[in-house]
Every structure is written in structure tokens, then in C-alpha cells.
Amino acid sequence: MSKIAVITDSNSGVTQAQAKELGLFVVPMPFMINEEDYFEDINLTQEQFYEKLEGDANVSTSQPSPDSLMTLWDKVLQDYDQIIYIPMSSGLSGSCQSAHMIAEEEYEGKVFVVDNQRISVTQRQSALDAKAMVDAGLSAEEVVDKLMKCKFESSIYIMLDTLYYLKKGGRITPAAAALGTLLRLKPVLQIQGEKLDAFAKARTSSQGKTIMINAIKADIENRFGGFEDKDFNIAIAYSKDLAAAEEWKKEAEAAFPGVDIHMDPLSLSVSCHIGPGALALAISRKVHF
């Protein structure tokens, strides 16, 4: 039987230390900060990232270089026969497409790239699902097929604390940002499938949280077969403010009794566009095998 490794990238929220515990491998995402190269969880911590972001540094994301990917794949293939690689959604980065091309040209039959449109806590869940399927004896092709069949069966809802970073990144106009700030709006964004989109506008954090909880409840009823079977995973994500996130987790647990809710920091690749103080609620369908 083939020995199969599961690799994801640091957008999943899985740290290098956690990867060792979970039996996964993680590609660190590269950042350019004031013209210097950094790699998430290698020479860039969450704390350092927010310090630089809030210091108005010029922060931009990049994709892993072909050389860095191939170096890791080659190293892993010394001990494994095949690799399942789960990068961040192709709708949010070009890294997935690049990985596909390298895998097809240089690693046919050895590296399988899964574009199942995930990021952050839902991407982490996909990596855990893949590892569980591999451990259960499924082939690489079977694992990829299962992950791709439920690729659109997840959602993340994110409430922003500030519009500053969306404006800075050119994702909303300065006029819209000024109006939103004046009205103290807390926009709720959604990642479902390929992109980050506007979902709703809240006037208060409390209203924003209610919007996210109701959105997840609607997903459970309309997309995930109702609450009875608990055929879904729910997770919390946040940017920088751990105390606010822990409070949010308690509220979510009260809204979804009996559901084990995982919590992680939001991917820094998302956080650089939305800034600190964001809270998110995510859902994905359980994979059956």
C-alpha cells in the first residue's frame, strides 16, 4: 500500500509545531513587508505581523516559489510514495494554479493538488479530513475525489472591526470607507467557494455576531441537512484579539449546543486585507468515508 503524506500551507492556520503533532506538513506562506521577505511561522510570528501591519508597514502576500515547493515535495517523497497537497483556494491566490502545473509537469502520479476552495479553519479541516482518510487506507485518488465532491460545502463569515485595510488594499473606495467609518459600520464578509464578498452590514458588534450566527443556522438548515445529524464542523477564527475571540467562542457554543467548536487565528493572508479585531464563524460539511 502506498505511503501518503498530507501537505497544506500556513493559510490553514496549522503551525509548524502543530503539523508535527497532527502528522501533517505545512508550506509557510511568504510575505513582503517593507521590501523584506518573511515566511509565516518561520521568521514571522502573529505578533510581529500585527505590529508591522498596525505600524502602517507596506505588507503584501506572495505565493510559495516553485523552488520552495519542489524542495519540500522532494524531501517528503524520500519517506512517502505520494503527496496530497491542499493549498489555499485558487480564488484567493495563484499559488494553487502554480502547484497544479508543477505537479503535472514534474510529479505525475506522485503529487495530487486539491483545489477545494478553502482557507483558514475550513482549509485546516480539509487537511485533517485528508489525513483521516489516508490513515483509514483510502488511496490518494479516493481522498482527492472525496475532498473535491464537497469543495463548495463550506462558508466563512467575517465581521470586520475596521474598514481601513480594505481601503488601503483598494478593495473598497475611500468614500465608502469614510462613510462606513462615520456610521461605525461593522461589515460582515463571506468566503464561500472562490472569493471574499460583502455579505451584510451591522451597526454594532452584537448585531454582526447575530448576523453570523443566523447565517450559519441558515446554512445548517438549507445546505447541511438540519441540526439533528450534526453533519458539519463549526469553527471560530479571529485576527489578533484573543480575549474577544474567546468571548465569541462562548457565544457560538451557546448558539450551537453540543457542537465541538475549534478556534484558530485567521490566516495572515486574509488578515493583511481586513486588519486586526476581526471575528469569524465557519462551517464545513463532514466528509464521510
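The lining of the largest cavity comprises three nonpolar, six polar and one charged residues by class. In this scheme Ala, Val, Leu, Ile, Met, Phe, Trp, Tyr, Cys and Pro are nonpolar, Asp, Glu, Lys and Arg are charged, and the others, Gly among them, are polar. The structure is a predicted model, in which local features need pLDDT of at least 70, side-chain atom pairs count only at pLDDT 80 or more, and totals for chains, interfaces and linings use all residues. Residues are numbered from 1 along each chain as its sequence is written, and side-chain values use heavy atoms, with hydrogens and water left out.

Rolling a probe the size of a water molecule over the atoms shows where empty space is left. A cavity is a set of points, on a 1 Å grid over the protein atoms alone, where a 1.4 Å probe fits but cannot get out; lining residues have an atom within 4 Å of a point. Grid points are joined across faces, edges and corners, and a volume is the space filled by probe spheres set on the points. One cavity of 30 Å³ or more was found in the whole structure. The largest cavity holds about 40 Å³ of space. It is lined by 10 residues, of which Gln-117, Thr-122, Ser-154, Ile-156 and Ile-191 are the closest to its centre. Strands β8 and β9 (186–192) each supply at least two residues of this lining, and the largest share, three residues, comes from β8. Here strands are DSSP runs (E, at least two residues) and helices likewise (H or I, at least four), numbered from the N terminus.

Side chains of opposite charge can pair when their charged atoms come close. With a salt bridge taken as a side-chain nitrogen of Lys or Arg within 4 Å of a carboxyl oxygen of Asp or Glu, the count comes to 10 salt bridges. Glu-153, Asp-231 and Arg-285 are linked in a network of such bridges. Because Asp-231 is in the loop between α9 (205–223) and β11 (232–238), while Arg-285 is in β13, the pair ties together parts that are 54 residues apart in sequence. Arg-285 and Asp-231 are both buried (under 20% relative accessible area, with exposed over 50% and partly exposed in between, for a 1.4 Å probe and protein chains only). Glu-153 is partly exposed, at 26%.

Another salt bridge joins Lys-149 and Asp-145, at 3.2 Å from N to O. Both residues belong to helix α6 (residues 140–149), where they are four residues apart, about one turn of the helix. Lys-149 is exposed, with 65% relative accessibility, and Asp-145 is partly exposed, with 38%.

A pair of aromatic rings is described by the distance of the centres and the angle of the planes. Rings of Phe, Tyr and Trp (its six-membered ring) pair if their centres lie within 6.5 Å; planes under 30 degrees apart are stacked, over 60 edge-to-face and the rest tilted. The whole structure contains eight aromatic pairs. Phe-25 and Tyr-80 form an edge-to-face pair, with 5.8 Å between centres and 85° between planes. This pair links distant parts of the chain, 55 residues apart: Phe-25 is in strand β2 (residues 25–27) and Tyr-80 in the loop between α3 (66–76) and β6 (82–86). Phe-25 is partly exposed, at 26% relative accessible area, as is Tyr-80, at 21%.

Trp-73 and Tyr-107 are likewise edge-to-face, at 5.2 Å centre to centre and 90° between the planes. Trp-73 lies in helix α3 and Tyr-107 in the loop between α4 (95–106) and β7 (111–113), 34 residues apart. Trp-73 is buried, with a relative accessible area of 0%, and Tyr-107 is buried with 6%. Phe-31, Phe-49 and Tyr-50 form one aromatic cluster.

Definitions and conventions
1 Å grid on protein atoms, 1.4 Å probe; cavity = no way out; pocket = protein on both sides within 12 Å on 5 of 7 lines; lining within 4 Å.
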